[in-house]
Amino acid sequence: MSDNSTQAIAEDDWAAAMAEQATVAPAAEPAADLFPDLSGKPAGNGFASDIDMILDIPVLLTVELGRTKIAIKNLLQLAQGSVVELDGLAGEPMDVLVNGTLIAQGEVVVVNDKFGVRLTDIITPAERIRKLNK
C-alpha cells in the first residue's frame, strides 16, 4: 500500500470514530452559569451583589499585647497570680491582626467595663506588601 492510501484509510477510520461518538454521546454544553462572575465588572445584578457574597465570611481578629518565649519547665510552674513578662512596652501600640496579618495598631480602651481597642494607625495595603518583601 502507498502512503496516500494508508493515510486515507486512517482518515476514514478517524471520521467514522468521530461520527460514532457523536451519535452515542452528544456534545456537552458548557456550564456557563455554574460559577458566578466575580471579576468586579457590573453584571445583570451588579457589583454590589458580588461584594455581598464575601461580607459574611468570618475572619479571626487578634489583638496582641506582646509576645515572649518561655521554657516548658517555667510554663508548668505558672500559677494563679504569676506574672509573664511580654516584649511589648507599657503605652506602646498593640498590633491588630486579621487572620495573622497585621492590619492596624491601636490602644486599649475600657467601654462599659469591657476592654476594647481604639485603632490609631491603619496599615495600608502598600505597606503590607512592602513588609512581606523584607
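Let's start with R118, which is partly exposed, at a relative accessible area of 47%. Keep in mind that this is a predicted model. R118 forms a salt bridge with E107, and the closest N and O atoms sit 2.8 Å apart. The two residues are eleven apart and link distant parts of the chain, with R118 in strand 4 and E107 in strand 3. E107 is partly exposed as well, with a relative accessible area of 37%. Side chains of opposite charge can pair like this when their charged atoms come close.

How many salt bridges turn up in the whole structure? A search finds two. Besides the R118 pair, there is one where the side chains of R67 and E64 meet, at 2.7 Å from N to O.

Strands 3 and 4 run antiparallel and are joined by eight bridges; one of the pairings has G106 facing its bridge partner L119 in strand 4. Zooming out, you get an open sheet of four strands, in the order 1-2-3-4, with antiparallel pairing. Strand 1 (61-64) and strand 4 (114-122) each have a single partner strand, so they stand at the edges with one side left without a neighbour in the sheet. On average, neighbouring strands of this sheet are turned by 40 degrees against each other, direction ignored.

Last stop: the nonpolar surface. L65, I70, L75, L78, V84, L86, V108, V110 and F115 make a nonpolar patch of about 840 Å². Take V110 from that list: it lies in strand 3 (residues 101-111) and counts as exposed because its relative accessible area is 56%, where the cut-off is over 50%.

Terms used:
Residues numbered from 1 in each chain as written. Predicted model: local features only at pLDDT ≥ 70, side-chain atom pairs only at ≥ 80, totals over all residues. Heavy atoms only, no water. Patch = residues over 30% accessible without salt bridge, like charges linked within 9 Å, V, L, I, M, F, W, Y side chains within 5 Å. Areas by Shrake-Rupley, 256 points an atom, 1.4 Å probe, with all protein chains shown as cover. Salt bridge = Lys/Arg side-chain N within 4 Å of Asp/Glu carboxyl O. Buried < 20%, exposed > 50% of the residue type's maximum accessible area, 1.4 Å probe, protein only. Pairing = 2+ DSSP bridges. Axes fitted to C-alpha atoms, helices over the stretch in contact; angles between N-to-C directions.
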